[in-house]
Amino acid sequence: MSLIINVIIPAYNEESSIGHVIKEIPDTVSEIIVVSNNSTDQTENVAKEAGATVLVEQQKGYGYACLKGMDYIASKQQKPDVVVFLDGDYSDYPAELTNIIAPIITKDIDMVIGARVKKLRESGSMTFPQIFGNWLATSLMKLFFNAKFTDLGPFRAIKYDKLLSLGMVDKTYGWTVEMQLKVLKKRYTYVEVPVHYKKRIGVSKVSGTIKGAIFAGVKILSWIFKYSFA
């Protein structure tokens with residue numbers, strides 16, 4: 001089965017890493033879309049030179065960047081079968097995209113999350129707020145929805161039609177958990193695939209700051225409680 005695959009990469013000041021990420025994405029991908037989230041360095045030029053389609057979203061926020069990429073896809077004549085989301089900091093292994101989309105191809109799964117399991121993580125690649133936040137969020141989803149998620153990993157693939165049906169709206173830190181909660185609500189099929197994870201290039205804009213970690217935690221919990229009592 002041959003699928004049309006688009007990759008969306010939100011990126012903010014990732015000039016040192018974005019070229020590596022694009023280079024290692026498998027050739028089976030039809031288009032790589034880098035959304036510069038108001039970068040002030042050479043991220044956009046490096047991404048263009050590496051062969052990506054580059055968009056600019058001036059409103060800062062992970063969700064804003066992802067929605068910009070989705071708007072671009074919606075404007076294209078040929079729509080993809082699958083959309084993959086991948087960070088631009090080179091913490092993931094882009095070549096593992098093949099493993100992430102495999103359940104969609106072989107088992108007709110709707111969404112696949114790349115789970116950053118401990119045994120495949122480089123030491124120090126995830127901060128304590130990330131580890132604790134993932135544990136808390138996935139534990140609450142298990143409690144309220146009997147979910148089987150263990151991670152809110154940003155490296156993920158989802159069928160395009162299912163993605164559209166979710167009606168994604170979060171503009172900032174809650175994008176990943178919103179997607180997973182809405183998949184649960186709609187009873188779409190999902191699985192996790194273990195992925196390797198390494199220390200990112202540069203400083204994290206979320207987990208690398210106290211402010212970012214707090215805001216992300218509040219947003220994630222607010223989405224969970226909103227859906228738990230809706």
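**The core and its surroundings**

Beyond its neighbours within four places in sequence, methionine 141 is in contact with Asn146, Ala147, Phe149, Leu152, Val177, Gln180, Leu181, Leu184 and Ile224. The structure is a predicted model. Met141 belongs to the largest nonpolar core, which has 35 residues, and together with Phe85 and Met179 it touches the most other members. Two or more residues each come from strand 2 (31-36), strand 4 (82-85) and strand 5 (111-115). The helices that do likewise are helix 3 (62-75), helix 5 (128-145), helix 6 (160-166), helix 7 (175-185) and helix 8 (210-228). Which element gives the most to this core? Helix 7 does, with 6 residues. A further core of 29 residues lies apart from this one, and its members include Ala11, Ala52, Val82 and Val112. As general background, nonpolar side chains in soluble globular proteins tend to be buried together.

Helix 7 deserves a separate description. Of its 11 residues, 10 are buried, so the helix is largely enclosed by the rest of the structure. The buried ones are Trp175, Thr176, Val177, Glu178, Met179, Gln180, Leu181, Lys182, Val183 and Leu184. Val177, Gln180, Leu181 and Leu184 are also among the contacts of methionine 141. After helix 7 comes arginine 187, with a positive phi near 60 degrees.

Helix 5 also contributes to the core, and it holds phenylalanine 128. Is this residue buried or exposed? At a relative accessible area of 63%, phenylalanine 128 lies over the 50% cut-off and therefore counts as exposed. Together with Phe132 and Trp135, Phe128 makes up a nonpolar patch on the surface, and the accessible area of the three is about 390 Å².

Strand 2 is another contributor to the core, and serine 36 is part of this strand. Serine 36 has 0% relative accessibility and so counts as buried. The side chains of serine 36 and glutamate 44 are joined by a polar contact of 2.7 Å. With residues up to four places away in sequence left out, serine 36 touches Ala11, Glu44, Leu55, Val56 and Glu57. Ala11 is also listed in the 29-residue core.

Asparagine 37 is in the loop between strand 2 and helix 2 (43-49). Its relative accessible area is 8%, so asparagine 37 is buried. The side chain of asparagine 37 reaches the backbone oxygen of glutamine 59 at 2.7 Å. Besides residues up to four places away, asparagine 37 touches Ala11, Tyr12, Glu57, Gln59, Lys60, Gly61, Tyr62 and Ala65. Tyrosine 12 is 25 residues from asparagine 37 in sequence, yet the two C-alpha atoms are 5.1 Å apart.

Charged pairs come next. How many salt bridges does the structure hold? There are 7 salt bridges. Among the residues involved, Asp108, Asp110, Lys159, Asp161 and Lys162 are linked in a network. One link joins the side chains of lysine 159 and aspartate 108, with N and O 2.6 Å apart. Lysine 159 is in strand 6 (residues 156-159) and aspartate 108 is in the loop between helix 4 (97-107) and strand 5, so this pair ties together parts 51 residues apart in sequence.

Definitions and conventions:
Residues numbered from 1 in each chain as written. Predicted model: local features only at pLDDT ≥ 70, side-chain atom pairs only at ≥ 80, totals over all residues. Heavy atoms only, no water. Core = buried A, V, L, I, M, F, W, Y, C linked by side-chain atoms within 4.5 Å. Buried < 20%, exposed > 50% of the residue type's maximum accessible area, 1.4 Å probe, protein only. Helix = DSSP H or I, 4+ residues; strand = E, 2+ residues; numbered from the N terminus. Contact = heavy atoms within 4.5 Å. Polar contact = N/O pair within 3.5 Å; in protein donor to acceptor, adjacent residues only side chain to side chain. Patch = residues over 30% accessible without salt bridge, like charges linked within 9 Å, V, L, I, M, F, W, Y side chains within 5 Å. Areas by Shrake-Rupley, 256 points an atom, 1.4 Å probe, with all protein chains shown as cover. Salt bridge = Lys/Arg side-chain N within 4 Å of Asp/Glu carboxyl O.
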